[in-house]
Amino acid sequence: MPIIGDAVWLSHRFPLSDRDVQESLHGRAIDVSHEMVHEWCVKFGSLFAQQLRHLDEVCTTVDGVRHLLWRAVDEHGFAGNLNSMPPRY
């Protein structure tokens with residue numbers, strides 16, 4: 001389920017196409033088609049959205065470069081996946 005969760009989260013959190021999500025997963029040695037990503041988003045998208053209470057966001061500096069750090073928190077207050085990336089200007 002973490003692979004499906006990552007695919008659905010990437011697709012909904014960032015302006016990524018199904019093919020972009022497919023390429024991102026392929027970079028992690030996960031072979032999945034863009035059609036499968038789309039099916040997962042349709043089938044599980046609302047379930048994942050219901051489980052998330054909110055998405056924390058903080059800006060931090062790593063080696064002199066500013067990064068945004070996101071943390072998903074569920075209804076029980078447990079942190080899920082963490083994601084870090086340089087901010088888009």
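Visitor: Why is S11 called buried?
Guide: This is a predicted model, and in it S11 has a relative accessible area of 17%. Buried means under 20%, so S11 counts as buried. S11 sits in helix α1.

Visitor: What makes up the surroundings of S11, leaving aside its neighbours within four places in sequence?
Guide: S11 is in contact with L16, D18, V21 and C41. Two of those names come back where the helices meet: A7, L10 and S11 in α1 touch D18, V21, S24 and L25 in α2. By class, that contact has four nonpolar, two polar and one charged residues.

Visitor: Why are α1 and α2 called oblique to each other?
Guide: Helix α1 (residues 2-13) and helix α2 (residues 18-26) pack at an angle of about 135°, with their axes 10 Å apart. Roughly perpendicular ends at 115 degrees and roughly antiparallel starts over 145, so this pair is oblique.

Visitor: And what is the hand of the crossing where α1 passes α2?
Guide: That crossing is right-handed.

Visitor: Which residues have the most contacts inside the largest nonpolar core?
Guide: Those are V8, V21, L25 and W40, in a core of 14 residues. Elements giving two or more residues to this core are α1, α2 and α3 (34-51). The largest share, five residues, comes from α1.

Visitor: What does L25 touch, not counting residues up to four places away in sequence?
Guide: L25 touches A7, I30 and V32. A7 belongs to the α1 side of the meeting with α2, and L25 to the α2 side.

Conventions
Residues are numbered from 1 along each chain as its sequence is written. This is a predicted model: local features need pLDDT of at least 70, side-chain atom pairs count only at pLDDT 80 or more; totals for chains, interfaces and linings use all residues. Side-chain values use heavy atoms; hydrogens and water are left out. Axes are lines fitted to C-alpha atoms, for helices over the stretch in contact, and angles run from 0 to 180 degrees between N-to-C directions. Helices (H or I, at least four residues) and strands (E, at least two) are DSSP runs, numbered from the N terminus. Angles under 35 degrees count as roughly parallel, over 145 as roughly antiparallel, 65 to 115 as roughly perpendicular and the rest as oblique. A crossing is left-handed if the near helix is turned anticlockwise from the far one by less than a right angle, and right-handed if clockwise. Contact means heavy atoms within 4.5 Å. Ala, Val, Leu, Ile, Met, Phe, Trp, Tyr, Cys and Pro count as nonpolar, Asp, Glu, Lys and Arg as charged, and the others, Gly among them, as polar. Buried means under 20% relative accessible area, exposed over 50%, partly exposed in between (1.4 Å probe, protein chains only). A nonpolar core is a set of buried Ala, Val, Leu, Ile, Met, Phe, Trp, Tyr and Cys residues joined through side-chain atoms within 4.5 Å.
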